[in-house]
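Q: Could you take a close look at one part of this chain for me? I'd like to know how it sits in the rest of the model.

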Amino acid sequence: MLEIQRIRTERDVIIASLAKRNIHVENVIDEIIELDQQWRSNKKELEDISAELNQIARKIGELFQSGQQAAAAELKEKNQLLKTQETTLKSKVEALDAEITSLLYTIPNVPNAEVPHGKEPADNVEVSSSGTIPSFNFEALPHWDLAKKYELIDFELGVKVTGAGFPFYRGKGAKLQRALINFFLEEATQAGYEEFMAPLLVNEASGIGTGQLPDKEGQMYHSTADDLYLIPTAEVPLTNIYRDVLLPNADFSIKLTGYTPCFRREAGSYGKDVRGLNRLHQFDKVEIVRIEHPDNSAAALDEMVQHVAALLDKLELPYRILRLCGGDMGFASAMTYDFEVYSAAQDKWLEVSSVSRFDTFQANRLKLRFKDDNKKTHLCHTLNGSALALPRIVASLLENNQTENGINIPSVLQAYTGFKSI
RNA sequence: GGUGGGAUGGGUGAGUGGCUGAAACCAACAGUUUGCUAAACUGUCGUACGGGUAACUGUACCGCGAGUUCGAAUCUCGCUCCCACCGCCA
């Protein structure tokens, strides 16, 4: 959520920047500014009346103490009148406040100056690419066929026990999952991220804190009996550790990592690119999260991008890095890099990681702040990225490393899997 | 699931109707002292929002929401959460 102060002072910049997302918010912004002015003048009036009421109440107390009952009764009467004024003003102020907040919720984050214009994935800008795309002198199989051939993943069994999008991993397929998780966590630890094992269910306040609620309610599994939500990413529990936190000084850099299964209903995305591991309701992911001083968030984003790139280098996967255009960025993001890995047998790029900075957008909802040297409070910046999400990594590992007689495991993973090939 | 207890500022914790935005202690920060550290002493020390160039000032907040009252941290009602013990259980 954008800060109202920022809308007051940076109206034109905000409107111009949001145009990069291909949305035009001028009317909404002006409506907010208008409502805010009303809110402020009503609030001032309300506070003045409250101040008077407080004074009178004190006076009445004094009169009672000194036994002047008649004078006190007179003041009481005056109070009644002010009291009704206070009540109406109060509900007016509250209504304005609610209206402003609900409008603020509809405005996405302001894209960073470096974010390119554009409205669809084709407008994303390729920043770099790395690795070589394999070619095969036999007929390469897509990962769902390889998974079946080598008994690594059983999708049908998942359908039987749960439903589509909840596969079983078995044998070497299961061990490969565990190896990747351990590899990613180990790399993150070495890069200075503290490892957490987080709850997989969160309460409503946490969902609001990171922005899944109320906007994207239908995307999370909801356990209604206890009113808890299954996490769609470790970002939710990890970032919410810092909800309602005021860091005591400006000298901080918080780096968290965690592996969790992720649960997504993926409502409305049926039919397209959902085959095999390409889109699941439950999948595994190692997430990295950072809480940073505003001055440091640009550097932190670069570091995170380097971290993810290094993981893909070590896994010897061909990938490219895209800077997302305004139209393709997530609601809360100020700037996002996507990583795509080439999946040889499907002959297409698969998104395996998304690394974003949110600036103060999440921190504002989370009430995550720090005190500077002058003891003034400011909102922190938050960032996060997948490092990495497993299914599409597995898909491309299987597809790219296949031979006619088996599948080779990248050397860096062999210590984790305990086998060199499948 | 049952019974009982509780929720106050960074922490412990006092506070049963006005003198309380809140004692005291601890922690933290600044200063004095000091070869260094420590100790001692002095001072500062909640958050949000509004008004004001600023100094400053107003309002709200003692888990959350209503209510009683001229006036509520304090009284009443509802809710949430936490703790302890019992039951069940990995």
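A: Gln-362 lies in helix H11, residues 361–366 (helices are DSSP runs of H or I, at least four residues, and strands are E runs of at least two, numbered from the N terminus). This is a predicted model, where local features need pLDDT of at least 70, side-chain atom pairs count only at pLDDT 80 or more, and totals for chains, interfaces and linings use all residues. Residues are numbered from 1 along each chain as its sequence is written, chains are lettered from A and ligands numbered from 1 in the order in which they are written, and side-chain values use heavy atoms, with hydrogens and water left out.

So, is Gln-362 buried or exposed? Gln-362 counts as buried because its relative accessibility is 3%; buried means under 20% relative accessible area, exposed over 50%, and partly exposed in between, with a 1.4 Å probe and protein chains only. Gln-362 also sits 9.1 Å from Thr-239, C-alpha to C-alpha, although 123 residues separate the two in sequence.

For context, chain A is split into domain 1 (4–104) and domain 2 (121–417), with bounds from an automatic or database domain assignment. The C-alpha centres of domain 1 and domain 2 are 43 Å apart.

Helix H12, residues 390–400, is mostly covered too, with ten of its eleven residues buried. Among them are Leu-390, Ile-393, Val-394 and Leu-397, plus Glu-399 and Asn-400.

Glu-204 makes a handy contrast: it belongs to helix H8, residues 204–210, and counts as partly exposed because its relative accessibility is 41%.
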